[in-house]
Amino acid sequence: MELAEITKTVISLARKVDEKNITLTPESALVADLGLESVQIIEFLCEVEDHFDIVIGEDSLADVVTVSDLAELVYHLSREKKL
Amino acid sequence: MNPTELNHSLPLKNASFDTLAEALDYAAKGETGCNFYDGSGSLQSKISYKELRLEAVKLARKLIGLGLKRGARIALIAETNPLFHKFFFACQYAGYVPVALPAGFQIGARKAYVEQLERMMDSCGADIAIAPESHLGFLRQAVERLDLVKYGLPSDFETLPETEAPLNPLKLDDIAYLQYTSGSTRFPRGVEITQKCVMSNLRDISNHGLKIDRDDRMVSWLPFYHDMGLVGFVLLPLANQLSADYLSPKTFAMRPRLWLKLISENRGTISSSPPFGYALCAKRLRLTDQDKYDLSSWRVACVGAERIHPEPLRRFAHVLKAANFNPKSFVPCYGMAECALAISFAPLGEGLDAMDLDKDLMARTGEAKLISASSHKTNESTLSFVNCGKILPSFEMSIRDDAGNELEDYVCGRICLKGDSVMSGYFQNKDATEEVLDEEGWLDTGDIGFRLGDEVVVTARRKDVIIVNGRNIWPHDLEFLAESLPGVRFGNVSAFSFADDIGTDNVVMVVESRESNPAKRKELIEQLQSLILLHFGVKCLINLVPPRTLPRTSSGKLSRSKAKQDFLARYQKSPTAVGSSE
């Protein structure tokens, strides 16, 4: 799957947990813009993992701020899995 | 791969050892051990106590070769895997003090996490720090300004040459480990627990609290850097030669049903959680999942760490009725890192004993008056509390008023404790120690509650601490963060929490502001909320008030309790006008 497509999917998964109903773009910050609490973030990441069939390491999350950061991480993890 | 055995030929010894090293020496004669399950619930690795002892001793000889002083602090970033056990016990045999550090996973929070690690290592004067591969990058940043002898991956230490030097195990009066769960993130305090202290608590828990026998098997997802995770589910099974099965906290948070699956498949008998864990599980469980599990083996489900609200637990029990979960397995308990782990347990097999008390009387006089179900009092005028049971035999308890006078049954006051399981102090922090421990050895827990003979009912935890989703948040950490924003002045912020009708803790911050432009006020509120979410992972209700609204004491200090009272008065008048958590 290409990065653009992954980004789209991540956005659609994020919409499910977005209580504020904001317009999500690749630049939206997951915590600051969506206003997600840690428990909700985890629920969302669970959806992302299940959807793409990957495992996101805890350590790689520390640098994830925006939707596109997460999409890139998913992109790399799915590529690694294929190799 | 099969998990480690349930039973073994070894006669059960309930923590009757002087030190943790001796406990492992004995457990290593049997066939039990620890099992680690991955994110999909499959057994990933295991280590028997026999192997653990061999490896810990070998590693101890390598660490001794580094020539550190006895009692040197070894910081371990504590992921849920066997490396933690190996290094923790290598320290026990080498005469070093292990310090478990959090393995954090907060999204986008690299800076905050690195700073936290740095402060903890600085506070304990760590000589060595070890991180699993996933966390090495954070550790590297955190040690930059510190003066460590060595830091690195477990393999950097496992490949050191083994020395011929004799082992130098920690003894009865030596510090067994330091625990960093009670302090604030800005001013971490390492609770100093001696071998005598932890062994006394383990004996009390084994013989009186849980009445452990040889058919028990323990299951846990609690982090190893937390007192309930470390003492309750790493040290307790080992001191009783029981097998233990682990999930990582991340796995539990993402897929709580795997906790139930593990208990069901391995016939776990003891597994505990703060109330939020049961609530999360009940919330995320699919109804179709229920009959996949058989939880009839689960005899002890301890509930502790926060004020216990009965409702979420009743829901958990209801959802899992079809899976044979027995609600009488709930065991309310009370404890804290300053007492190694546990202080009291409710009687086994009796479930929750919730009592309804007169709310107004309690607020006015501190008196706890039971309200019978037949009385005409409405829900609004009662508060429900859970009896946390008898204090363990090694403790003496005293409930005191602010002047230090001993209070009688049914009167709320500060819970004070004395005994072998009380910490010796906060590590190298005389001031903080003297604040809570007096010369006679009485620990002022800071918690509020009342007694019924030997039983204790906790009505409020840690004067000011905010507990959300099992995490302790110190109000001054929140206030400090807010004060870092332009437009918020130092000393013009007050943070606290209040529990709503269903027992959920809401975080509130009252901020004085001169800003009158509505758009700018909204912007300030949003900035504050984002900042708090990012650093603490919780939503916060922000209440902007005019300057000089926050109540101050005669010495000019902010009064948090008065600020909360004032806020609640405003809130009750008009919940929507005081601000928004959206």
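Me: What makes two strands count as a pair?
Reply: Two strands pair if DSSP finds at least two bridges between them. In this predicted model, strand β1 of chain B, residues 33–37, is paired with β2(B) in the antiparallel sense over five bridges. Within β2(B), B:Ile47 is the residue that stands opposite B:Cys34.

Me: Which strands make up the sheet, and in what order?
Reply: Happy to start with the general idea: strands of a sheet pair through backbone hydrogen bonds, either parallel or antiparallel. Here, four strands of chain B form an open sheet with mixed pairing, in the order β2-β1-β10-β9. At the edges stand β2 (43–48) and β9 (218–220) of chain B; each has a single partner strand, so one side of each is left without a neighbour in the sheet. From one strand to the next, the twist averages 15°.

Me: Which strands does helix α8 of chain B lie across?
Reply: Helix α8 (residues 227–239) of chain B lies across β9 and β10 (244–246) of that chain, and runs at about 150° to β9(B). Helix α10 (residues 257–266) of chain B packs on the sheet too, touching β1, β9 and β10 of chain B, with its direction at about 165° to that of β9(B).

Me: How many residues of domain 1 of chain B are in contact with domain 2 of chain B?
Reply: On the domain 1 side there are 16 residues, in contact with 13 residues of domain 2 of chain B. The elements giving two or more residues to that domain 1 side are β8 (191–194) and α7 (195–209) of chain B. The most come from α7(B), with seven residues. By class, this side has five nonpolar, six polar and five charged residues.

Technical notes:
Residues are numbered from 1 along each chain as its sequence is written. Chains are lettered from A and ligands numbered from 1 in the order in which they are written. This is a predicted model: local features need pLDDT of at least 70, side-chain atom pairs count only at pLDDT 80 or more; totals for chains, interfaces and linings use all residues. Two residues are in contact if their C-beta atoms, placed from the backbone, lie within 7 Å. Ala, Val, Leu, Ile, Met, Phe, Trp, Tyr, Cys and Pro count as nonpolar, Asp, Glu, Lys and Arg as charged, and the others, Gly among them, as polar. Axes are lines fitted to C-alpha atoms, for helices over the stretch in contact, and angles run from 0 to 180 degrees between N-to-C directions.
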